[in-house]
Amino acid sequence: MTSENGFLRTYSVAGLGFLLALVGGCIALMLKIPIPWLLGALLMSLLLGVFGKRPGFPTPIRDAAFLMLGYLIGSTASADFFTSVTLWIPSVVASILLIPAITFSSALVVHRMTDLTPNEAMLCSVPGSLPFVVAASEDMGLRTHIVLLFQSIRLLTLTFLLPFALGFWGIEVATQPSGSEQSILQTLSIADDEILWLGLGLGLAGICAVIAHRLNVPAPTFIGPMMGIAGAKLMGVPLPDLPPVLLFASQATLGWIMGARFDVIPAKAMRQLALACFAGLGVGVAVALAACLVLIWITGLDAKALMLGLAPGAIETVTSIALDQGVDPLFVSTHQIARMLSIPLIAAGMLVIGRRLFAVLVKRG
C-alpha cells in the first residue's frame, strides 16, 4: 500500500508540474516567443526552481518525451534523404573538425579568466555530450559541479539566443506555419486510419530506444527512436507524423527538465564564473559562425540549417528549434549526431595530448 501511495504521489506531483509547464508554454505563445512550449516551460521551471517549488518528473515521463521527439525527427525522412546526404558531407566533416577548434579556443579564454585547471577548462568547453564530460570529470577527480555549470549555462544561453539570432541575421522564417502557430483544434486532430500506424510507430520507437540503450548509444531514448523511425520511413512504411499536441507536450517536458539542471549548481559558483562562461561561449560561437560562413560560401547550403547544425548545443534542443523555424530537422540532427558521436574520441585525445599544446598556448599568451 505504501509503494502504491508513493507511486500516486509521484505522478500526481508530476502532473502538476506538467500543467505548470504548459501554462508557461501558453504564456510564451501569447507573447510570440520562438519555440514557446520549450522556452515557456523552461522559464517557468527556472522561476519555480529559484523558490525550491518545482515539481519533479520521474524517469518514464522524461524517456517518453525524448522518445516522442525522436519519433518526430525520424518521421521527417523521405526518399530524397540519400540524395541530399551526399551534399552534406563537407558540413558534417566541418562539424567534427569544429570540436577541437571550439574546445581549445574556449578553454584558453576560460583558463585565463578562472583558476580552473587545463583539464577542467577543456571539459567545460567541449561543445556538447554532457554525459561524457561529466563522467570524464568524475573519473579524473575534477570539480564536476563546475563542469556542469559551464555546460548548463552554454545550453541555456544557446536555447534562448538561437531562435532570436536567426531573425537578427536576416534569415527568413519558413513560409509554412510552424507547429506553435496551429490552432488548438488542429493540434488535437488525427485521422482514424492513422491511429493504428501511430501506435505501431511508437511501439517501434520504444524497441529502438531499448536497443540503443543496450548498445550504449548516447541519448538512447532520442537517437534510437529517431534512427529506427527514419529507417522505417525510408523503407516505405506509412508512419504518420506525430500529432502536434504530442510535440508540444514533449517540448514542454524538455524545457522543464532543462530548468531542473540548475538545481545542483551552487549559486555562489554561478555568480563567480558566469562571466568566464559567457566569454568562453562567445569565443566558441564565433569559431562556429566563421566556419558556417565559409561553408555557405563554398557549398551554398541553407544558412539557417548550417547555423543550427553547427551550433554547439544539445541535439534535442536544436532540432526542436529547427522544427519551429521550418528547417530540415534531419539535416540538423545528422550534423549533431556526427559531432556527438565524435566527441568522446576527440575529447579523450585532447585530454591525453592536448594539455601540452594548451600549456604552450598559455605561455605564448
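Predicted model: local features only at pLDDT ≥ 70, side-chain atom pairs only at ≥ 80, totals over all residues.
Student: What makes H3 and H11 roughly parallel to each other?

Tutor: Helix H3 (residues 59-74) and helix H11 (residues 220-234) pack at an angle of about 30 degrees, and their axes are 7 Å apart. Angles under 35 degrees count as roughly parallel, and H3 and H11 are therefore described in that way. The crossing of H3 past H11 is right-handed.

Student: Which residues make this contact between H3 and H11?

Tutor: On H3 they include Asp63, Phe66, Leu67 and Tyr71, and on H11 they include Phe222, Pro225, Met226 and Lys233. By class, the contact of H3 with H11 comprises 10 nonpolar, 3 polar and 2 charged residues.

Student: Why are H3 and H12 called oblique to each other?

Tutor: H3 and H12 pack at an angle of about 130 degrees, with 9 Å between their axes. Roughly antiparallel requires an angle over 145 degrees, roughly perpendicular covers 65 to 115, and the remaining category is oblique. The pair H3 and H12 is therefore oblique. H3 passes H12 in a left-handed crossing.

Student: Which residues of H3 and H12 are in contact?

Tutor: Among them are Ile61, Arg62, Ala65 and Leu72 of H3, together with Leu246, Ser250, Gln251 and Ile257 of H12. This contact of H3 with H12 has 10 nonpolar, 3 polar and 1 charged residues.

Student: How many aromatic pairs are counted, and why is the pair of Phe57 and Trp256 called stacked?

Tutor: The count is 3 aromatic pairs. The ring centres of Phe57 and Trp256 are 5.9 Å apart, and their planes lie at 20 degrees. Centres within 6.5 Å qualify as a pair, and planes under 30 degrees apart count as stacked; the pair of Phe57 and Trp256 is therefore stacked.

Student: What does the pair of Phe57 and Trp256 tie together?

Tutor: Phe57 is in the loop between helix H2 (36-50) and H3, and Trp256 is in helix H12 (residues 244-260), so the pair ties together parts that are 199 residues apart in sequence.

Student: Are Phe57 and Trp256 buried or exposed, and how is this known?

Tutor: Buried means under 20% relative accessible area. Phe57 has 7% relative accessibility and therefore counts as buried. Trp256, at 2%, is therefore buried.

Student: What makes the pair of Trp88 and Phe331 edge-to-face?

Tutor: The planes of Trp88 and Phe331 are 85 degrees apart, and the centres are 5.1 Å apart. Planes over 60 degrees apart count as edge-to-face, and the pair of Trp88 and Phe331 is classed accordingly. Trp88 lies in the loop between helix H4 (81-85) and helix H5 (89-113), whereas Phe331 lies in helix H16 (residues 329-364), 243 residues apart. Trp88 and Phe331 are both buried.

Conventions:
Residues numbered from 1 in each chain as written. Heavy atoms only, no water. Axes fitted to C-alpha atoms, helices over the stretch in contact; angles between N-to-C directions. Helix = DSSP H or I, 4+ residues; strand = E, 2+ residues; numbered from the N terminus. Left-handed = near helix turned anticlockwise from the far one by under 90°. Contact = heavy atoms within 4.5 Å. Nonpolar A, V, L, I, M, F, W, Y, C, P; charged D, E, K, R; others polar. Phe/Tyr/Trp six-rings, centres within 6.5 Å; stacked < 30°, edge-to-face > 60°. Buried < 20%, exposed > 50% of the residue type's maximum accessible area, 1.4 Å probe, protein only.
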